[in-house]
Amino acid sequence: MIDAKVHTPSVRSALVAAVAFLFLAGCGKPEAVVRIGFVGPLTGDQAAHGVDMLHGAQLALEQAQQAGEILRGYKVELVSLDDQRSPAQAVAAAKRLAADPNVLAVVGHLNSSCTKPASAIYNEARILHINPVSSNPDISRQGFNNFYRICATDDLQGPAGARFAIERLGAKKIFVIDDMTTYGRGLATEFIKAAKGLNAEVVGHEGITLGEKDFTPLLTKIKSERADLIYFAGMFPEAALLIKQRFELGVPAAFVSGDGTFEVNLIRLATPQAAEGVYVTALGADVHQIPTAKEFIDAFEARFHHLGSYSSYAYEATRIAVEAIRRAGKNDRSAVLAAMKEMKEYRGILGVHRFDARGDTTLRTIGIYAVRDGKFQFLEAVD
Amino acid sequence: MIRKIAPFLLILLLLPLFDSNSYRVDVLCTAALYALLAIGLNLIVGFAGLLHLGYAAFFAIGAYTYALLNLRVGCPFWIGLPIAAFSAGVAGVLLGLPVIRVRGDYLAIVTLGFGEIVRVTVTNLEDWTGGPNGLLGIAHPVVGSYNFGVDSKPYYLLLVVLVSIVAWACTRMARSRIGLAWMAIREDELAAACSGIDTARFKLLALGLGGGIAGLAGCVFAAKQGTITPDSFDFILSVMVLAMVILGGLGSVGGAVLGAVVLSLAPELLRSFSTYRMLLFGIVMVLLIRYRPQGFLGASEIRRELKGGHGSA
Amino acid sequence: MSVFQIFLQQLLNGLTIGSVYALIALGYTMVYGIIQLINFAHGEIFMVGGYIGLTVLVISSGLPIAASPLFLIVVLIAAALGCALLGFCIERVAYRPLRRAPKLSVLITAIGVSFFLQNAVMIGYGAQDQYVPNPLPMAAWGKGGITVTPLQLLIFAVSIALMIGLQLIVYATPLGRAMRASAQDPLAARLMGIPVDKVIAVTFAIGSALAGVGGVLFGSYYSTINFHDGYLIGLKAFTAAVLGGIGNIPGAMLGGLLLGLIEGLGAGYVSTQWKNVIAFAVLVLVLLLRPRGLLGERVAERA
């Protein structure tokens, strides 16, 4: 016969073999462990940020464990997963954490485009979700009462950037670029709204694809529009290339960008020469200037050497999660949620956090930095 | 003999529904989804002999069709399912029309090009598709008052049923005159055309059916995830499904399922190898074509066709 | 800046990347011309070239000679040699055993090799963008609103030199004659005493060397490289090769420059987001409507 040996049962037996194997491969037994999940981009082009945050979380847990037992009878562990900045992977990681009954709280993610879909999963699983640095305002507007955020949001960052650009730098014609992600698009929209309110002209608004390297056509266009300022809402890999090519093309516009670009690698990738005079907004005041953070900075630098832009937030978020678990007193997600709600305020290294009805912290400042001599220099903080 | 063990097979297949570890069931759901995709691609590559490198596009079309219908007009899953399959199938035919006369290796690249165009277009049309952030809040299937929700078990059952039906249908088709026509086209297109077979029609049929099956899978995927983003539908997915089809054996429905199950479960079982996963994929593909091009369950004539001798397409 | 000046600048932008596409396209076209294989892994060879360049630059960053702009020549040669070797090995190990197999099989093998290379580099160097130090001084030379950097000029110079060099080899040397003969009719060439297998190996080596050079230039120009660059640039270079006419060496050069222009102008006047769609659309349209390309293809007659 010409046709191949094709049986319908062999189809079934394939699936069956798999099922049987998996089933037998792991019938676990309950352990006396309680876990805090951490998710962020640990590999990929955002790894610098993600690993910084992981270190912050690790330090937080270590210090909490040294200070004493957190939950009687249980060991508290940090389980870290990688979302590679991809929403699909973020959702997969969230599901894994949700499926593990020992996970009582999650700290994460970094990118708003990852945090937003993942937050829905944490909400359905009723896990405490503390977000360190995703600044898109919509995340807390989904009505999830398990969601808390400890940083400022873009409905503050955008206007702060706009005010700085227009009032301090005197920009009149602004070209806005974003990376089309939840974060980038959201921040750009807020900026444009505020800029128009301040009577500046937005001469163009374009999106770029993540991973794009060649911005020379776009920058040439900006040069021809005679814009005096470029506002970029996105992350540092793309920003670095924009800044470098802006220099090479001799585009006379100033450059202001959002917190996603606040990373030392920005200056390195763009070359210090090209990055000179670039301004960046960040989600908080300079952590070096907060007295309560000094101990943290010393401990962090002793352990990990390099303090990243987001390390302190991940640290703070993890400390809060630990505190909520301690107050709950038992291995139960709803108890943890209730304890968190009860906690009216938290005195952390960044200041005193009080959470509003949506779960956002009332501690909201935007810091503004300039790049001078190859380093970020803190200029001022606005509320 | 098969008939005797069938009831046991059935019980074993349904066992996961009682598994308490929902992550494990989720992994099996993924395997079943891939199985569906592999069966569909097998129609195109294995039966009709068209090397298609853009299969992920049909998966995407199915997923986005349901997602958009659901989010914009509140279309429920059970109505969205056939619509998604149909639209992906139509896409398969439409994208296939210009392509079927192109010769073998160029065909592969054109389908790759189409796949990428679909993906980048979806990423860019943010107003319609949510852009790179995708679509959130897609409704889960509802039966009566029971909402599938985030529990993997009902999806697993649904997928097992779908895979069984589709596999059965494809097996029947393979033995029918359609299957014979496909085989003739695959072995020697010129001879087939000279024998009076309308090669264009059969090729389009394969593309349409294959696309439609991917659309089915896409719809279930979207409903299960609740969120879809364009980066789930990239070239790597197309190649992975192709690898599954080749591993299992081109032209064999059971082989496609086996290949899908093996390649989607392997990374789970070999956790420590996760960084090397893609690397191993590459090596496996090269070695397979070299030493066992007919895969696990492929027929011996596949080996002949892929190793050398008369050229095809 | 006047409209004309903007146009010139966009032209310049497009031609720069177009030169890189041309270098890579040459490899595709030469290999296809001689054994009718779309070397899917060619883009990865380009990427590896970039990483070789990076490694050399990093290793030698302390040495005094590294500071000289001429050091770039050393880097280019290193990448060319490394990639030539890589291309040679791939041909020997992966493609030669399948010489008589249908193109389907070889294409799948090529995809496998491509995956392997991509991930080997990813495992070795990490998944994030790697910073490539610019060997030339950072400067922007401008006149009348149009700027050009030393690196851009270098890219033009190197590409043109290599393309002229290749034309010379193919048309004025015995090796070139052997290559053309093998491409036209392998059986007859063998009968004439030409060691076709060796010629094929050399073709691969030369094509890969060119891609390697392209990789270093690309990495320096954008100052970052990533293991994923090979896939996209590879596809675009293939588009360029087909656009000009596969198997046709001047065609590859023309196709590369033309594609670079189309892309650059598209990105400048339409939008950067759609740049890749434009490139893929060119690919699809050429393959469907004019597979012979602009200058006509030159492949062996299939028996």
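**Exercise 1.** Determine how many residues of chain C are in contact with chain A, and which helices of chain C supply them.

*Solution.* Contact requires C-beta atoms, placed from the backbone, to lie within 7 Å. By that criterion, 24 residues of chain C are in contact with 30 residues of chain A. Next, assign the elements: helices are DSSP runs of H or I with at least four residues, and strands are runs of E with at least two, numbered from the N terminus. On this side of chain C, α1 (3-35) and α10 (249-269) each supply at least two residues, and α1(C) gives the most, with 5 residues.

The model is predicted: local features need pLDDT of at least 70, side-chain atom pairs count only at pLDDT 80 or more, and totals for chains, interfaces and linings use all residues. Residues are numbered from 1 along each chain as its sequence is written, with chains lettered from A and ligands numbered from 1 in the order in which they are written.

**Exercise 2.** Identify the strand order of the open sheet in chain A and the strands at its edges.

*Solution.* Two strands pair if DSSP finds at least two bridges between them. The 7 strands follow the order β7-β6-β8-β9-β10-β13-β14 (chain A), with mixed pairing. β7 (201-207) and β14 (375-382) of chain A each have a single partner strand, so one side of each lacks a neighbour in the sheet.

**Exercise 3.** Describe the pairing of β13 with β14 in chain A.

*Solution.* β13 (residues 366-372) of chain A pairs with β14(A) in the antiparallel sense over 7 bridges. Within β14(A), Lys375(A) is the bridge partner of Arg372(A).

Key. Contact = placed C-beta atoms within 7 Å.
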